[in-house]
Amino acid sequence: MTTPSFPSQPQVRVSDHERDKIVQRVQQAFADGRIGSGEMEERLERALTAGSHGDLTAAVADLPGDVPGEVLRLKSTKGRVRRTGDWRVPRELRIESEYGGVSLDLSQAVIEHPELDIDLRLQYGSATILLPAGATADIDGVELEWGEAVTRVPGRRRPGRLHVRVTGSMAYGRLKVRYRRAWFRTYR
């Protein structure tokens with residue numbers, strides 16, 4: 001998980017999502033043995049009560065940035081970004097594409113985390129995200145210029161189920177989030 005670094009804007013107010021990411025980072029540092037339980041509690045309190053980016057960054061200033069294997073960056077200039085089948089999904093996906101679509105099939109993927117962040121940065125192209133049965137998705141963080149964002153899954157988080165948070169920007173294109181369709185055949 002990446003620490004928000006806002007050196008030029010330390011007084012800008014923080015969002016709940018930004019606080020959540022820092023809380024996860026502090027908890028990961030504790031799980032990795034980098035900090036003790038007392039220090040974790042202090043840092044969590046600092047993160048949860050942070051009002052500005054400067055306050056929030058102070059809670060993790062001396063901790064490592066991205067955790068290896070926890071952020072997957074996929075970039076394409078003119079091609080299609082596609083992941084399907086049995087693949088390991090990290091906590092965070094960052095996808096950039098100038099001319100090309102994105103197709104992420106998470107229905108058979110190995111997802112070890114209860115939450116998944118997907119950051120889309122698309123210029124010309126659409127994105128389709130297929131979720132496992134019962135998963136939920138929040139697409140309110142996607143900024144659209146021309147196009148639309150459509151979800152066919154619940155947006156409210158459910159206990160014990162995967163929750164996907166999609167953010168980013170799309171200039172021209174369409175975002176679709178849905179479950180994988182079941183195709184039934186009748187043999188006679």
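**Close-up views of a predicted model**

View 1. Helices (H or I, at least four residues) and strands (E, at least two) are DSSP runs, numbered from the N terminus. This is a predicted model: local features need pLDDT of at least 70, side-chain atom pairs count only at pLDDT 80 or more, and totals for chains, interfaces and linings use all residues. Residues are numbered from 1 along each chain as its sequence is written, and side-chain values use heavy atoms, with hydrogens and water left out. After α1 comes G33, with a positive phi near 85 degrees.

**View 2. The buried residues of α1 pack against helices and strands.** Buried means under 20% relative accessible area, exposed over 50%, and partly exposed in between (1.4 Å probe, protein chains only). In α1, the buried residues are E18, R19, K21, I22, V23, R25, V26 and A29. Their packing partners are α2 (37–48), α3 (53–58), β4 and β7. D16 and R19, three residues apart in α1, are separated by about one turn of the helix. Their side chains form a salt bridge (2.9 Å, N to O). A salt bridge is a side-chain nitrogen of Lys or Arg within 4 Å of a carboxyl oxygen of Asp or Glu. D16 is exposed at 57% relative accessibility, whereas R19 is buried at 15%.

**View 3. D117 pairs with K21 in a salt bridge.** The closest N and O atoms of this pair are 4.0 Å apart. D117 sits in strand β7 and K21 in helix α1, 96 residues apart, so the pair links distant parts of the chain. Both D117 and K21 are buried; D117 has a relative accessible area of 11%. Beyond four places in sequence, D117 contacts H17, K21, R91, E92, L93 and R165. Contact means heavy atoms within 4.5 Å.

**View 4. E115 and R157 form a salt bridge.** Their closest N and O atoms are 2.2 Å apart. E115 lies in strand β7 and R157 in the loop between β9 and β10, so the pair ties together parts 42 residues apart in sequence. E115 is partly exposed at 21% relative accessibility, as is R157 at 41%. A salt-bridge network links K21, E92, R94, E115, D117, R157 and R165. The structure holds 14 salt bridges.

**View 5. The largest nonpolar core has 28 residues.** A nonpolar core is a set of buried Ala, Val, Leu, Ile, Met, Phe, Trp, Tyr and Cys residues joined through side-chain atoms within 4.5 Å. I95, I118, L120, I129, L131 and L175 have the most contacts inside this core. β4 (92–99), β5 (102–105), β7, β8 (127–131), β9 (136–151) and β10 each supply at least two of its residues. β10 gives the largest share, five residues. Beyond four places in sequence, the contacts of I118 include L93, I95, L104 and I129. A second, separate core of 14 residues includes V26, A29, L44 and A47.
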